[in-house]
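Biologist: I would like to learn how to read the packing of helices in a model. Could we go through one example together?

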Amino acid sequence: MFSPTSAMTVETQHPGDDAPANPPLVTIELHVNSAVWTLCVEPRMTLAEALRGPLQLTGTKIACNRGACSACTVWLDGVPICSCMMLATDVGTRSVTTIEGLASGEKLHPVQQAFIDHDALQCGFCAPGMIMSCAALLERSPQPSADDVRAAISGHYCRCGTYPHVIAATLDAAKMRRA
Ligand code: FES
Ligand code: FES
């Protein structure tokens with residue numbers, strides 16, 4: 001769907017690369033957080049780079065940039081994926097949801113609120129990805145166990161060691177949602 005109120009066009013080159021041998025840009029549409037964006041990107045641009053660069057959705061973090069830490073987790077048609085491992089050109093018409101798209105206006109998603117209430121972040125670098133995976137867990141399992149949460153965040157590296165707080169926050173968010 002192309003929404004005239006939300007559609008935007010952005011032209012971009014891969015950051016820092018001005019070599020004459022650049023491959024030709026490819027025009028794509030990305031469906032992100034209920035908006036449709038038209039971008040001209042290099043074929044090698046990842047979804048994570050497209051989100052953080054031309055779309056300025058910097059809530060999605062890039063840490064390892066090789067599928068090892070899950071900091072870059074977003075939803076693709078509701079399923080958490082590592083956005084550093086997908087080319088922007090491969091997204092197609094699938095719907096991307098980022099941490100910026102999780103709240104309803106000014107109202108935070110219960111998992112976002114619970115992360116604040118439970119002090120489930122220190123430097124915060126892993127938090128957006130963790131929140132996306134925990135929120136996806138609650139979509140498919142409204143009453144998860146602590147082990148379910150552990151499994152949901154098993155691919156996420158938190159160098160600050162917030163895991164116990166993340167588990168408590170997610171279980172609390174599940175209670176809030178059920179209430
Ligand atoms: S930045 Fe994507 S998995 Fe680490
Ligand atoms: S809060 Fe710092 S890496 Fe997780």
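Biologist: Which residues of helix 2 and helix 5 meet each other?

Modeller: Pro110, Val111, Ala114 and Phe115 in helix 2 meet Val166, Ala169, Thr170, Ala173, Met176 and Arg177 in helix 5, where contact means heavy atoms within 4.5 Å. By class, this contact of helix 2 with helix 5 has 8 nonpolar residues, 1 polar and 1 charged; Ala, Val, Leu, Ile, Met, Phe, Trp, Tyr, Cys and Pro count as nonpolar, Asp, Glu, Lys and Arg as charged, and the others, Gly among them, as polar. Helices here are DSSP runs (H or I, at least four residues), numbered from the N terminus.

Biologist: Before we go on, how should I treat the model itself?

Modeller: This is a predicted model, in which local features need pLDDT of at least 70 and side-chain atom pairs count only at pLDDT 80 or more, while totals for chains, interfaces and linings use all residues. Residues are numbered from 1 along each chain as its sequence is written, chains are lettered from A and ligands numbered from 1 in the order in which they are written, and side-chain values use heavy atoms, with hydrogens and water left out.

Biologist: At what angle do helix 2 and helix 5 pack?

Modeller: Two packed helices are described by the angle between their axes and the distance between the axes. For helix 2 and helix 5 the angle is about 135° and the axes are 8 Å apart; the axes are lines fitted to C-alpha atoms over the stretch in contact, and angles run from 0 to 180 degrees between N-to-C directions. Helix 2 and helix 5 are therefore oblique to each other, since angles under 35 degrees count as roughly parallel, over 145 as roughly antiparallel, 65 to 115 as roughly perpendicular and the rest as oblique.

Biologist: Which residues of helix 2 are buried?

Modeller: Buried means under 20% relative accessible area, with a 1.4 Å probe and protein chains only, and in helix 2 this holds for Val111, Gln112, Ala114 and Phe115. They cover an arc of only 165° around the axis, which puts them on the same side of helix 2; the arc is that of the directions from the helix axis to the C-beta atoms. These buried residues pack against helix 3 and helix 5.

Biologist: How do helix 2 and helix 3 cross?

Modeller: Their axes come within 9 Å and cross at roughly 125°, so helix 2 and helix 3 are also oblique to each other. Val111, Gln112 and Phe115 of helix 2 make this contact with Ala127, Met130, Ile131, Cys134, Ala135 and Leu138 of helix 3.

Note on methods
Helix = DSSP H or I, 4+ residues; strand = E, 2+ residues; numbered from the N terminus. Buried < 20%, exposed > 50% of the residue type's maximum accessible area, 1.4 Å probe, protein only.
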